[in-house]
Amino acid sequence: MNMGRLVMPVWQVILVLNLTLAVGLGLGYAGWGRRAEALDREFEAARAQVERLERERQACTTGARAGQQQWEGRGVVRAIYPQLLVITHEEIRGLLPARTTSFRAVSPTFHESVQVGDPIRFSLRGTVVDDAAVVAVELW
Amino acid sequence: MRLFLLAVLWVHLASSVLPMGAFFMLVLAGYSRISTARQWDQTVVAWSRLLVLVAIGSGIGWLLLRTAGFENRLQAALEPRAVWHAVLDTWPGLVWLARHGLLVVLTAFLAMRANVADKRDWIAARGEALALAALALVLMSGSSHAAAITPGTALAVAVDATHLLGTGVWVGALMPLALLLRAASRGAGADARPYAVRAARRFSGAALIAMLLLMASGVMNALVQIESLAALVGTTHGRLLLAKLAVLVPILGLALMNRTRILPALSGSAGRAAMRRLAAFVGVEAGLALVLLALAGAMTLSTPARHDPPVWPFPFRLSLEILTDVPATRWRAWLGSQLAVVGLVVLIASFLVSRPRALMRAGALALVATGAGVGLLPLVVDAYPTTYRRPPLTYHATSIASGMAVYREHCAACHGATGAGGETSAPPPLTSPSTSRRHAGELFWLVTHGIPQRGMPGFAERLGEAQRWDVINFIRALGAAEGSKTLEGQVELDRAWLVAPDVSISVGPLAPGVLRDYRGRRMVLLVLYTLPASRPRLIELARTYDVLSVTGVEVIAVPTHRAADAIRELGASPPVLFPVVTDGERDIVATYGMFAPGAHAEFLIDRQGYIRAIWRAGGGGIQAQVEKLNEEKAPAPFPDDHVH
């Protein structure tokens with residue numbers, strides 16, 4: 001039998017190999033690369049979820065309603081009203097960057113325990129930024 | 001160790017560049033059935049096979065040495081875990097892996113001795129080898145200095161990749177071309193002479209394009225990595241580039257002669273002799289190109305010029321500021337520039353006329369030289385090795401206040417408390433525009449070594465380096481304070497020049513911020529206040545804070561006295577909600593007090609970080625000035641964080 005006829009010429013072999021490589025890399029990225037990116041995003045979302053659940057668990061142990069979370073912050077008291085505390089605070093993880101914010105105060109007795117200018121640690125409870133209220137305050 | 005590293009890098013660079021160029025030369029010369037050409041093809045492929053193996057070997061050596069460098073201990077080079085970590089967990093390691101993967105594939109490809117007698121097979125085989133070698137070379141830019149540039153990483157890497165590709169095409173192809181020319185110039189190689197002539201002509205065209213690409217990408221690389229003339233002549237990286245250019249000049253001369261003289265003579269009657277000469281010259285060019293690669297390797301190992309403090313090598317520099325300070329120099333500069341322009345025009349004209357060229361050119365050069373002498377000599381000023389050093393400390397209130405204390409102790413006796421001169425001696429005022437325009441590095445040299453002929457002592461022994469830079473920051477602030485006397489409570493549109501010294505803003509025990517954080521986001525009204533006199537004004541600001549805040553202004557209050565209790569001291573009614581500095585106020589008051597020394601002062605700082613208005617007693621009418629700034633169409637660029 002004449003084997004020569006069955007052997008592909010070198011240029012065809014090279015072409016096929018390069019095509020395989022290009023298609024392999026392309027499909028590899030389309031599949032695995034994009035999947036890796038999606039997994040990264042999922043991982044971040046899961047981590048945020050875990051942190052959220054942790055805050056909810058913390059809120060739950062202190063008698064909060066279901067779905068409420070608890071955040072911890074540090075800051076300086078700037079103004080005190082019967083229902084409101086204005087605090088210049090550091091970043092509150094998962095809620096706010098460092099700035100001055102007014103928070104609803106759940107207990108009207110807070111204004112007796114702190115004064116303007118006091119450095120404090122405080123706990124917030126709520127479902128979103130707008131309904132987060134100060135539930136505990138202690139001097140820093 | 002460094003020399004060994006350079007040697008390994010050079011071998012790796014050369015053995016990566018040469019095969020790529022070799023396959024490029026083969027593809028460029030084209031397929032041929034002539035026996036001398038086929039023999040040349042076989043020789044080049046055999047050499048390339050060997051060089052790729054050398055590239056892999058030296059690449060492994062390079063990796064081991066780098067691992068030892070990363071881990072900072074020599075034995076790490078022999079620990080599989082350390083090497084594994086360097087390859088898989090670092091970006092340069094991954095690039096290394098990709099490149100060497102390609103080199104291994106290329107080795108395997110070259111090891112397969114497939115039958116390429118057919119033209120299409122030959123083109124495919126050589127083209128494939130070229131593509132693999134080129135890819136392995138170009139990927140090198142992924143872990144070069146260019147990859148560390150942000151922003152614009154992609155552009156910098158693309159430019160660097162172009163530079164590498166140009167190098168491969170030009171440097172790598174020289175040696176195979178010399179081999180072909182030598183083979184064809186021999187008696188036995190007569191059959192390949194037309195083939196060799198065609199190859200040389202094609203290479204000449206390709207090399208011209210490669211050289212233009214190399215120069216363009218080289219200039220772009222240099223602009224990004226070197227940035228200034230001082231960095232070019234004053235740093236190792238810059239000087240290596242100059243050395244590279246110095247080697248490039250004879251190469252270009254040779255290339256020009258080959259292209260214009262020898263190449264046309266190849267097909268003439270003395271073609272064989274011309275071919276032999278061309279082979280020798282191309283060989284010399286290739287040798288010089290290898291020197292270039294060694295210098296490029298050394299540049300890779302050196303710190304990029306932009307990160308290295310330059311050491312100015314000349315005792316003089318040119319200063320355009322002289323034109324402002326000494327009006328008499330203006331006419332000389334004008335006359336000199338005109339003479340030089342006329343000289344250049346005559347020089348250009350000499351290319352257009354047939355005779356008398358030599359005379360015209362000599363005259364033109366004489367005019368340019370005279371023009372330079374007349375125009376440039378008055379601009380020459382003294383310079384020192386540290387003239388272009390950038391201060392390591394930013395223009396920050398803490399540094400300025402420390403500088404003020406050092407100044408009062410060591411400098412005020414001669415220079416006076418305000419820098420205008422002391423009672424017994426009269427050095428030039430430190431607040432004069434000419435002092436303000438001096439480079440910070442120049443002042444650093446003068447403070448360090450003194451000016452013996454004028455009786456100023458050096459302070460290298462008495463003051464630490466940081467203290468000397470503090471004094472320079474203070475002297476800059478002195479000059480700025482002097483210039484700011486005309487600045488009042490009215491914003492002048494599009495005239496931002498007074499840089500606001502940075503300050504730390506500490507409110508209670510919270511993590512402190514800095515003034516610079518507001519740049520590009522909000523204006524700042526910095527208020528220095530003293531109680532009880534400032535109370536009415538603070539109450540007014542507290543009441544209008546919401547309006548100011550909405551129009552883009554942050555108010556930052558700084559008490560002029562001990563401030564730990566400052567917030568409590570201001571009281572609860574009306575509530576003061578803007579930041580009140582409770583720590584580090586002394587430095588801020590000392591620094592900003594230089595601009596406005598009263599008990600109450602207000603500074604309006606725009607979004608770019610420039611002081612635009614100063615109220616030296618009380619404040620008021622701020623809203624109108626804020627609106628003016630909000631209407632400004634073309635804000636000034638952000639000021640440098642360091643004085644210069």
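1. Basis of the model. The model is predicted, so local features need pLDDT of at least 70, side-chain atom pairs count only at pLDDT 80 or more, and totals for chains, interfaces and linings use all residues. Residues are numbered from 1 along each chain as its sequence is written, chains are lettered from A and ligands numbered from 1 in the order in which they are written, and side-chain values use heavy atoms, with hydrogens and water left out.

2. In chain B, H6 (residues 153–185) and H10 (residues 271–301) have axes that come within 8 Å and cross at roughly 150 degrees. Helices here are DSSP runs of H or I with at least four residues, numbered from the N terminus; axes are lines fitted to C-alpha atoms over the stretch in contact, and angles run from 0 to 180 degrees between N-to-C directions. H6(B) and H10(B) are therefore roughly antiparallel, a term for angles over 145 degrees. The crossing of H6(B) over H10(B) is left-handed, that is, the near helix is turned anticlockwise from the far one by less than a right angle.

3. Residues between H6 and H10. Trp170(B), Leu174(B) and Leu181(B) are among the H6(B) residues that meet H10(B), where the partners include Met275(B), Val282(B) and Leu293(B); contact means heavy atoms within 4.5 Å.

4. Helices H17 and H18. H17 (residues 440–449) and H18 (residues 465–483) of chain B pack at about 125 degrees, with axes 10 Å apart. H17(B) and H18(B) are therefore oblique to each other, the class left after under 35 degrees (roughly parallel), over 145 (roughly antiparallel) and 65 to 115 (roughly perpendicular). Phe444(B) and Val447(B) are among the H17(B) residues meeting H18(B), whose partners include Trp469(B) and Ile472(B).

5. Cysteines. No disulfide (a pair of cysteine sulfur atoms within 2.5 Å) is found over all chains. For Cys414(B), the nearest cysteine sulfur belongs to Cys411(B), 8.7 Å away. Cys414(B) counts as partly exposed because its relative accessibility is 42%; buried means under 20%, exposed over 50%, and partly exposed in between, with a 1.4 Å probe and protein chains only.

6. Met220. Met220(B) belongs to helix H7 (residues 193–225) of chain B and is partly exposed, at 39%. His163(B) is 57 residues from Met220(B) in sequence, and their C-alpha atoms are 9.9 Å apart.

How values were computed:
Helices (H or I, at least four residues) and strands (E, at least two) are DSSP runs, numbered from the N terminus.
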